[in-house]
Amino acid sequence: MKVYGVELKSRLLLGTSKYPSLDVMAKSVRAAGAEVVTVSVRRESAQFREGQEFWRIIRELGVLVLPNTAGCYTVKEAVTTAQMAREIFDTAWIKLEVIDDKGTLAPDVFGTVEAARILSDDGFEVFPYTTEDLIVCDRLLEAGCKVLMPWGAPIGSGKGLNNPFGLRVLRARHPDVPLIVDAGVGLPSHAAAAMELGYDAVLLNTAVGTAGDPVAMAAAFRQAIEAGVAARGAGPMQPKEFAAPSSPTVGVAALA
Amino acid sequence: MRLVVNGVEQEIAADTLAAALLRLDYGEAKVATALNGEFVPARRRGETALRDGDRVEIVAPRQGG
């Protein structure tokens, strides 16, 4: 798939947070075959310089970074965070999060659209974390976004695709826009389902980072996403309301 | 000069943002800065004057989802 002119083979974007160690994080990124990882910017102490070692490992992995504006509740916070991230990571890419401050981590869609417009006008390439609401998504595209990242379920909830019907309609409305399910994915089957719906990629973190064996889970997600893409391309059967026999109905032996 | 650096109030003998980073011993660490909520690009830190009570945020790459 292609996002902002960059061709990506992997359809799994992986977060770098919540792993038991940086070493496990690095191994998980490799096991996932991820070409893009999300990162954040956070306060750095002069004494401990925690971020420097993390940054060294990310550079060693040779992956593209997608900085986020996690923890931002206002447009101003998100824009300023994006500006700091652009300078630190030397990228125009920004995963835009403007979230509800009541602890739900739900996207503040109004703030997200406003921030998307400001950032797009300033040359950022915005990956907006959003709901699947069609009008919101239209506004984000009008604001300059060329990618959309609708949630599957609340961040870190692991619930999967809470509204596959809405996601399907969004896919149908914008067949040519790269669509990435971001947030709430818990199992590889959720990721496969997103790909079967025709989504271009999945972005996840908690499902791998907090798994009992993150490296194995990362590999499982990679396989599931490949399966979902292959299934989509293989022309899945249409579901029916009623049964249809799988075995021939002619030539059944009379054994009554 | 009294500054609030990453949420902590401290006395720092520095009159520009660049000088404050040096005083705080950030050295060559990869960081970005904001002053009173506004981003200050690295190239402008040397000419960014500080005032008593200014809020400085110094951030670096970190894990994120």
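# Reading a two-chain model, feature by feature

Student: Where in chain B is B:Asp25 found?

Tutor: B:Asp25 sits in the loop between helix H1 (17-23) and strand S3 (32-35) of chain B. Keep in mind as we go that this is a predicted model.

Student: What is the phi of B:Asp25?

Tutor: B:Asp25 has a positive phi, about 75°, although this residue is not a glycine. Its relative accessibility is 54%. Exposed means over 50%, so B:Asp25 counts as exposed.

Student: Which residue of chain A has a positive phi although it is not a glycine?

Tutor: Look at A:Lys18, where phi is again positive, about 75°. A:Lys18 belongs to the loop between strand S3 (12-15) and helix H1 (22-32) of chain A. With a relative accessible area of 48%, A:Lys18 is partly exposed.

Student: Is A:Cys137 buried or exposed?

Tutor: A:Cys137 is buried, and its relative accessible area is 0%. A:Cys72 counts as buried too, at 5% relative accessibility.

Student: How do I read a pair of aromatic rings?

Tutor: You describe such a pair by the distance between the centres and the angle between the planes. Searching the whole structure gives 3 aromatic pairs over all chains. In one of them, A:Tyr4 and A:Phe127 are tilted, with 5.3 Å from centre to centre and 55° between the planes.

Student: Which parts of chain A does the pair of A:Tyr4 and A:Phe127 tie together?

Tutor: A:Tyr4 lies in the loop between strands S1 (2-3) and S2 (6-7) of chain A, while A:Phe127 is in strand S7 (residues 125-130) of chain A, so the pair ties together parts 123 residues apart in sequence. A:Tyr4 and A:Phe127 are both buried. Ring pairs also bring in A:Trp93, which forms a cluster with A:Tyr4 and A:Phe127.

Student: Which charged end sits over the ring of A:Tyr199?

Tutor: That is the charged end of A:Arg171, 5.8 Å from the centre of the A:Tyr199 ring. You can find another case at A:Tyr129, where A:Lys95 lies over the face, 6.0 Å from the ring centre.

Student: Now pockets, please! What is the volume of the largest pocket?

Tutor: The largest pocket has a volume of about 520 Å³. Its lining has 21 residues, and those nearest the centre are A:Glu77, A:Thr80, A:Thr81, A:Met84 and B:Glu57. Two or more lining residues come from each of these elements: strand S4 (36-43) and helix H3 (75-89) of chain A, and strand S5 (55-63) of chain B. H3(A) gives the largest share, 5 residues. By kind, the lining of the largest pocket has 8 nonpolar, 7 polar and 6 charged residues.

Student: How many residues line the second largest pocket?

Tutor: The second largest pocket is lined by 25 residues, with A:Glu97, A:Ile155, A:Asn205, A:Thr206 and B:Gly65 closest to its centre. Strand S10 (201-204) and helix H8 (206-209) of chain A are the elements that give this lining two or more residues. The second largest pocket holds about 400 Å³ of space. Its lining divides into 10 nonpolar, 11 polar and 4 charged residues.

Note on methods
Residues numbered from 1 in each chain as written. Chains lettered and ligands numbered in written order. Predicted model: local features only at pLDDT ≥ 70, side-chain atom pairs only at ≥ 80, totals over all residues. Heavy atoms only, no water. Buried < 20%, exposed > 50% of the residue type's maximum accessible area, 1.4 Å probe, protein only. 1 Å grid on protein atoms, 1.4 Å probe; cavity = no way out; pocket = protein on both sides within 12 Å on 5 of 7 lines; lining within 4 Å. Points joined across faces, edges and corners; volume = space filled by probe spheres on them. Helix = DSSP H or I, 4+ residues; strand = E, 2+ residues; numbered from the N terminus. Nonpolar A, V, L, I, M, F, W, Y, C, P; charged D, E, K, R; others polar. Phe/Tyr/Trp six-rings, centres within 6.5 Å; stacked < 30°, edge-to-face > 60°. Lys NZ or Arg CZ within 6 Å of the ring centre and 35° of its normal.
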